[in-house]
Amino acid sequence: MKELRQKIEDEIRERGPIPFSRYMELCLYDPELGYYSRNAAQFGKAGDFYTSSDVHAVFGRLLARQFEEMWRVLGSPDRMTLKELGPGRGLFAQDVLDWSEKKFPDFFRALHYVLVERSSALRERIEQVLSARFESGKVAFGRGDETPEHNPVIVFANEFFDALPFEILSSEGSLRVDTREGHFVETWAPPSPQEMEFLDRYSVHPEPGERLEVSLLAQEEMQVIASTVHRGFFVAIDYGFTREEQLAGRHRGTMKSIRQHSVSANPYEAPGEQDITADVNFTALAAIADRHGMYNHKLQTQSQFLLGIGEVNQFADAFEECRLPQEHAKVALQLKHLVTPAGMGESFHVLVASKGVEKDKVATLAGLEFGAKARVT
Ligand SMILES: C[S@@+](CC[C@H](N)C(=O)[O-])C[C@H]1O[C@@H](n2cnc3c(N)ncnc32)[C@H](O)[C@@H]1O
């Protein structure tokens with residue numbers, strides 16, 4: 001079988017230099033050889049990176065608690081869809097469903113869980129992880145652009161937007177990937193009107209020597225989400241920033257490649273074998289949500305959000321199965337990793353947007369009450 005590098009070089013020879021987003025699309029999502037399509041371990045200790053659900057089930061359990069509260073704010077409807085975008089291996093869904101069944105039976109009865117996963121290799125793994133849930137009809141695969149029968153809906157995305165292909169802009173233009181003597185080389189083309197508009201509205205213009213990411217695909221996905229939610233919530237958790245932070249000189253040039261838990265700035269090494277990602281522009285996402293009738297609540301850090309949900313019962317959700325002091329100590333460390341600044345607590349942010357729900361009621365949700373940061377508009 002052809003190597004991915006070869007496949008990309010062939011495409012460049014046929015089409016000419018390709019936009020960076022196309023290069024990234026092939027590296028991550030080529031149906032046979034892309035990073036997320038291969039049957040390999042990307043997640044967890046044996047893989048390349050940890051996401052919150054790899055750290056401990058408490059992440060999904062706390063979110064289950066928050067989803068249940070959202071369901072009550074929506075008036076405890078008989079049926080509610082929870083749509084997860086980019087669920088990976090399905091661990092988060094498993095934790096949410098198990099905890100809801102155990103702790104929130106009324107909410108669990110109303111819940112219909114829809115998974116939107118692009119990679120067929122990951123869909124196969126999800127089918128194994130959640131086989132009993134599929135059989136009982138509690139869980140189904142779906143598409144991002146489906147409107148869930150006018151049920152209220154919560155759209156949830158953890159580390160989804162950071163994995164969407166983006167463009168890279170510098171003062172020289174918009175990045176193109178070319179090939180020369182068996183190597184990928186960078187060239188620059190004039191930026192498109194959409195790219196310029198994105199910089200004007202949601203970002204800053206790159207200084208000489210600087211690079212910035214422009215994720216037009218994230219904007220498209222956000223538009224689809226906001227227009228398919230008639231009544232409900234959108235919750236996105238990811239590493240990211242606001243425009244104010246970029247204006248203050250931070251979060252410029254955040255693209256990175258990750259392989260076996262180490263980070264490199266070179267996306268051209270080992271295509272298909274390493275993840276490529278960038279920080280998420282929350283100002284841009286919030287603007288699209290707003291344009292499509294959603295209300296953006298205060299952007300929280302993951303720390304504020306999880307502390308707000310967990311403090312109600314002193315994080316009992318984390319420690320329920322711990323019998324021995326050593327077990328308790330281990331879980332305390334995992335929890336610490338999720339909430340402290342040195343772990344994932346400060347770099348990860350939570351954007352909650354709502355539609356058709358009273359704002360005052362939303363503001364009392366546990367995850368939004370803890371800490372306040374400037375509202376993203
Ligand atoms: C960084 S992983 C995060 C996985 C999971 N949410 C977690 O936290 O462990 C990104 C996931 O999004 C999926 N993905 C990327 N683009 C997608 C799209 N357009 N539709 C559905 N899933 C997508 C990838 O296949 C991958 O499973």
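## Helix packing

Axes are lines fitted to C-alpha atoms, for helices over the stretch in contact, and the angles between N-to-C directions run from 0 to 180 degrees; helices are DSSP runs of H or I with at least four residues, strands are E runs of at least two, and both are numbered from the N terminus. The model is predicted, so that local features need pLDDT of at least 70 and side-chain atom pairs pLDDT 80 or more, while totals for chains, interfaces and linings use all residues. Residues are numbered from 1 along each chain as its sequence is written.

Helix H9 (residues 193-202) packs against helix H12 (residues 282-291) at an angle of about 95°, the axes lying 10 Å apart. H9 is therefore roughly perpendicular to H12, a term covering 65 to 115 degrees. Phe198, Arg201 and Tyr202 of H9 meet Thr283, Ala284 and Ala287 of H12, contact being C-beta atoms, placed from the backbone, within 7 Å.

## Positive phi angles

Most residues other than glycine have a negative phi. Glutamate 159, in the loop between strands E5 (153-158) and E6 (167-170), has a positive phi of about 50°; it is buried, with 20 C-beta neighbours inside 10 Å. Glutamine 260, in the loop between strands E11 (256-259) and E12 (262-264), has a positive phi near 45°, and it is exposed, with 10 other C-beta atoms within 10 Å. Buried requires 20 or more such neighbours and exposed 12 or fewer, with C-beta atoms placed from the backbone.

## Ligand surroundings

The ligand is surrounded by 19 residues, of which Thr51, Gly86, Gly88, Arg118 and Ala163 are the closest; a residue is near if its C-beta atom, placed from the backbone, lies within 6 Å.

Definitions and conventions
Parallel < 35°, antiparallel > 145°, perpendicular 65-115°, else oblique. Contact = placed C-beta atoms within 7 Å.
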